[in-house]
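This briefing covers the pockets and the nonpolar cores of one protein model. Please have the structure open while reading.

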Amino acid sequence: MPRLISQLYLSNKEMTLFAYGTQQPWLDIGATSLFNTSQYYSLNGFKDVDCYLEHNLQYQTESLNVVVLAMGMPKQELIATQLKLQSKNKMIIICGGAILDFQAGRVKRAPTIFRKLGFEWLYRFALEPKRLFSRYVVGIPLFFLNVYRSSTKRVL
């Protein structure tokens with residue numbers, strides 16, 4: 001994600017940046033690190049959906065608006081959908097999970113080998129099994145079961 005933000009800077013000098021997620025001081029530390037600037041708009045990740053919509057509408061500009069949502073699923077996806085529906089301007093919405101916490105140094109990233117092999121989730125699960133159990137052990141198999149069921153239904 002930092003590389004994506006850097007590429008956006010190279011192609012769009014005029015951008016309005018938003019960071020929604022985590023809590024202070026991690027929110028400002030992470031957003032400043034991710035955006036490589038202190039010029040952005042932010043809200044912590046523990047507000048009602050309407051707060052983010054109102055905040056974004058208040059500060060979005062006609063230039064490219066880049067919104068990083070770092071509050072976890074399904075909240076960030078719900079907010080992303082609502083932002084897209086309400087925006088009248090150019091907007092890139094990035095659902096980044098723990099990116100602001102990673103950038104702030106609050107949460108340790110998995111070793112490079114885990115990330116390259118696509119097993120960062122396993123590393124994080126080993127560090128936080130209680131918090132992530134329902135997501136990885138229950139949620140993922142349930143997701144694939146629902147995909148399978150929906151793909152085998154007959155359409156009349």
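Which residues line the second largest pocket? In this predicted model, the lining is made up of Met1, Pro2, Arg3, Arg109 and Arg115.

**Second largest pocket**
- Its volume is about 150 Å³.

**Largest pocket**
- The largest pocket holds about 740 Å³ of space.
- It is lined by 29 residues, and those closest to its centre are Gly72, Gly97, Ala98, Arg124 and Arg135.
- Two or more lining residues come from each of the helices α4 (75-86), α5 (99-104), α7 (120-127) and α8 (129-152).
- Sorted by class, this lining has twelve nonpolar, ten charged and seven polar residues.

- In soluble globular proteins, nonpolar side chains tend to be buried together.
- The largest nonpolar core has 17 residues, of which Ile5, Leu34, Phe35, Val66, Val68 and Leu100 touch the most other members.
- At least two residues of this core come from each of α1 (2-11), β1 (15-21), α2 (26-35), β3 (64-70) and α5.
- Leaving aside residues up to four places away in sequence, Ile5 touches Leu34, Phe35, Val66, Val68 and Ile94.

Technical notes: Residues are numbered from 1 along each chain as its sequence is written. This is a predicted model: local features need pLDDT of at least 70, side-chain atom pairs count only at pLDDT 80 or more; totals for chains, interfaces and linings use all residues. Side-chain values use heavy atoms; hydrogens and water are left out. On a 1 Å grid over the protein atoms alone, a cavity is a set of points where a 1.4 Å probe fits but cannot get out, and a pocket is an open set with protein on both sides within 12 Å along at least five of seven lines; lining residues have an atom within 4 Å of a point. Grid points are joined across faces, edges and corners, and a volume is the space filled by probe spheres set on the points. Helices (H or I, at least four residues) and strands (E, at least two) are DSSP runs, numbered from the N terminus. Ala, Val, Leu, Ile, Met, Phe, Trp, Tyr, Cys and Pro count as nonpolar, Asp, Glu, Lys and Arg as charged, and the others, Gly among them, as polar. A nonpolar core is a set of buried Ala, Val, Leu, Ile, Met, Phe, Trp, Tyr and Cys residues joined through side-chain atoms within 4.5 Å. Buried means under 20% relative accessible area, exposed over 50%, partly exposed in between (1.4 Å probe, protein chains only). Contact means heavy atoms within 4.5 Å.
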